[in-house]
Each structure stands twice: as structure tokens, then as C-alpha cells.
Amino acid sequence: MLERPKRKNPVLRTRLPTLPPAARSRIALGLTAAAAMGRFELQQCRDCGTVQYPPREACQQCLSIKIIWKSQPDGGELLARTVLHHSNDLFFRERLPWRLGLVKLDCGPTVVAHLHDSVEKRVRVRAMLDRAGQAVLAALPDMGNATEVTVAEDRQLREFTCDPKFRKVLITDGKTALGQQLVHSMVKAKADLIWVGHSEPWKKFPGFSELKNIPQVTLLPLDLTDSKNVREVAAEIGAKVDIVVNNAEHHRAFGIGNRAGVETARAEMDINYFGLLRLAQELGPVMRARGADGQSSAVAWVNVLSIYALANFPPHGTFSASKAAAHSLAQCLRAEMRAAGVRVVNVFPGPMDDEWNQLLPPPKVTPPALASAKAARRPWPSTRWSPPYANASRSP
């Protein structure tokens, strides 16, 4: 069982971020693509049906090149286990001891997997993304649905997750219905501390005042249009934030010809794009420095964008353009954070069920559905996902 980390001794050194070995063959990237979607897929021959691992260009049984990636049963039997107490790799030597095992899968192949602390003879193997963004295999106890929550409870496998438990979270806008639902979801996920930003304190929003009664929640003024305010907030809490959820946005309807002037478009860009830029400039460097800071290090930056960032929706044309700009900026942020193992996640929900989408017909995303959505069975596991509105498809 994972225990709450002790208060850090400021005299001790901060562990510098390193990444696990990331070299993979071109053909092995199929395993990474499946892991990013939360699927356990292995190569299978179309001609003879052989399931094989590790990935190869041709079938090991009949040499056919008609190889496809296909979902496979994840059950298996643990054949052997070992514990590493020494490693020349910079990533693993800081995290020793490290458990590995040999697993005979029910579908045929034998694989080397990272072991959960409580595995026994029967295991379930899951493909996960490591800190380098590459697929690795982890063997979990065969406990049915209970394995959904045991990954983040294990000290070793926690390195592959962004689970909020015992971590400190910043939510940039707590006045919206989505922001409040995100707070409740983080409380349910047992986040240690949740900072909730709010601007324009004179405006009274339903439900916002109730957040101050939650023990884990700390309300703080945060206006993403004010560079000085963002800088002050970063100076106060930046060295403690493990997960950033940037849900602040300015949304107005209409496109180009139905609106005079550029004031509304400028306001959308000031929050949706420049707000993200200000936040990234102030919090990004310190989060990169804390990418390996113990059990509860900086792990994730989540941007709540919009499906309109991928394709402009003319009735909301300038809003779509601002979200597209934020999407492009987030790609730069992802590249800068990657070296520290901090995962940047862009969320592309469909139309939200709010005042600015009242004239759009269903289906629409409700704030509780978006706040509680999980991408591919694990908290924040992939780099791009779009939660369902009704049965909407994932973003490309």
C-alpha cells in the first residue's frame, strides 16, 4: 500500500530528471501506439495465426510478412522473478531496487515485465507508457477489476503513472462548472492539496463558495491575463505543483463577419493562448526541474482545449482560432517537458453544455462527464485524447 510521502528535507539534493532507455525499433512503435490508447496488442500472423513478441518484421513461425497488431488476452503465468540491486542506467540506478519477471502469456509468447509488488503465480500484463513515452510491459496481480487501482499504489509502477493520489494539483479556473467538477474529481482521487485559481472575485458563481469548505482545497487569485499575478502565484506555489490542469478559457460565439472589431477575439487569445504562455513560462521551468523529485514529483500538465482546435467551427470561429493557437503552443510545451518526463496532455472535448453552446443540438459534453472521464483506463496516460460526448470518437 502506498504511503503518504514524508515532508522533504530541503537540505537534501533534488534528484535531477532522467529518462529510461527510449530506443525502439520502427516496428516496435506499434506497441507504443496501442499502449497510448490503453490497449494490450501484440503482433499476430494473418497466415498461421502465431502471436509473437518481441515485434519483428516477419512471422517467427512461417516467415510471412502479413503481420498485424491485434488485441490479445492479458492473462499469464509468472515463470521467474528477480530484483535488480545495481544498474548502470541513470534512470534505474536512482530507483533501485527494481523488480522484473518472466511471464508466459496465455496467448503464447514469453515476455519480460516490470512486476507489481504483490504479484503471485497468475498475473495480468498491461502495456503502459514509461517516462520516455515508450511502451513497457507491467505484470499486475490477477484480481479482476481491482488491478485498475493497484498500479498507482505500487512504488515502482507509480513511476509510469500520473495518478493524483498524494500529489499537489493546480486547477486554473474554479468558477466554472467544469472547474468545480475537476476539483471534486481530484478530491476523489485523493490528491494531497488542490489549489483552485479564480479571477474577478466580485463575480458570484454557483457552487464556488462551497469549495472553500473542502479540506484539501486552497483558493487563490489567479488571472491568466495578468503577467504579474501569474508570476506571483508561481513564486508562491510553483515549487510544489505536481499536476497542472489548465481549464481557464474565454469563449464567445460568432465568427468573422458577424462581429465588428477585434476586442472579443483579442480577449479570447489573451486567455486561451497568451494565458497558457504566461503559465508555461512561469511554471514550466520549475516543473521540469522537479520531474524526478521523489515519490510525488511533477508529472503532468493537462490543457483542456476543444475539438474546435483541430478543425475550425465557423459559428465559433475566433474561439476556434484561439484554441488552435493554444494547441500549437502546447506541442512546443510538450517537447520542452519531455526531457524531464513531465507528460503534457491535450484534451479535445466536443461542445460543452454551457451558455455559449445553448443553440447547438445534443450530444454535448457535461462538466461531470468530462471531469470524471478517463483516457484509456488510466489517469492521464496518453498525450492526446477526447472524452466522449455521448459516444463521440477519440481525436485523431
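How many Å should the 16 residues of helix H7 span at 1.5 Å a residue, and how far apart are its end C-alpha atoms? Here are some friendly notes on this predicted model, starting with that helix.

1. Helix H7 covers residues 274-289. At 1.5 Å a residue, its 16 residues should span 22 Å, and the end C-alpha atoms are 23 Å apart, so the two values agree.

2. You will find a kink of about 40 degrees at Leu-283, shortly before the proline Pro-285. Leu-283 is also one of the buried residues of H7, a list including Gly-275, Leu-276, Leu-279 and Met-287.

3. What do those buried residues pack against? Their partners include helix H5 (227-237), helix H6 (263-272) and helix H8 (317-338). Strands take part too, among them S9 (168-171), S12 (243-246) and S13 (300-304).

4. Next, look at strand S4, residues 75-84. S4 pairs with strand S5 (residues 98-105) in the antiparallel sense over eight bridges, and Arg-81 stands opposite Gly-101 in S5. S4 also pairs with strand S7 (residues 122-129), again antiparallel, over three bridges; here the bridge partner of Glu-77 is Arg-122.

5. Finally, step back to the whole protein chain, which has nine helices and 15 strands. A compact globule of 396 residues would have a radius of gyration near 21 Å, and the chain has 22 Å, which agrees. Of the 396 residues, 51% count as buried. The chain exposes about 18900 Å², with carbon and sulfur atoms supplying 55% of that area.

Technical notes
Residues are numbered from 1 along each chain as its sequence is written. This is a predicted model: local features need pLDDT of at least 70, side-chain atom pairs count only at pLDDT 80 or more; totals for chains, interfaces and linings use all residues. Side-chain values use heavy atoms; hydrogens and water are left out. Helices (H or I, at least four residues) and strands (E, at least two) are DSSP runs, numbered from the N terminus. The expected span of a helix is 1.5 Å times one less than its number of residues. The bend at a residue is the angle between axes fitted to the seven residues ending there and the seven starting there. Buried means under 20% relative accessible area, exposed over 50%, partly exposed in between (1.4 Å probe, protein chains only). Contact means heavy atoms within 4.5 Å. Two strands pair if DSSP finds at least two bridges between them. The radius of gyration is taken over C-alpha atoms; the globule rule is 2.2 Å times the number of residues to the power 0.38. Accessible areas come from the Shrake-Rupley method with a 1.4 Å probe; for residues, only the protein chains shown count as cover.
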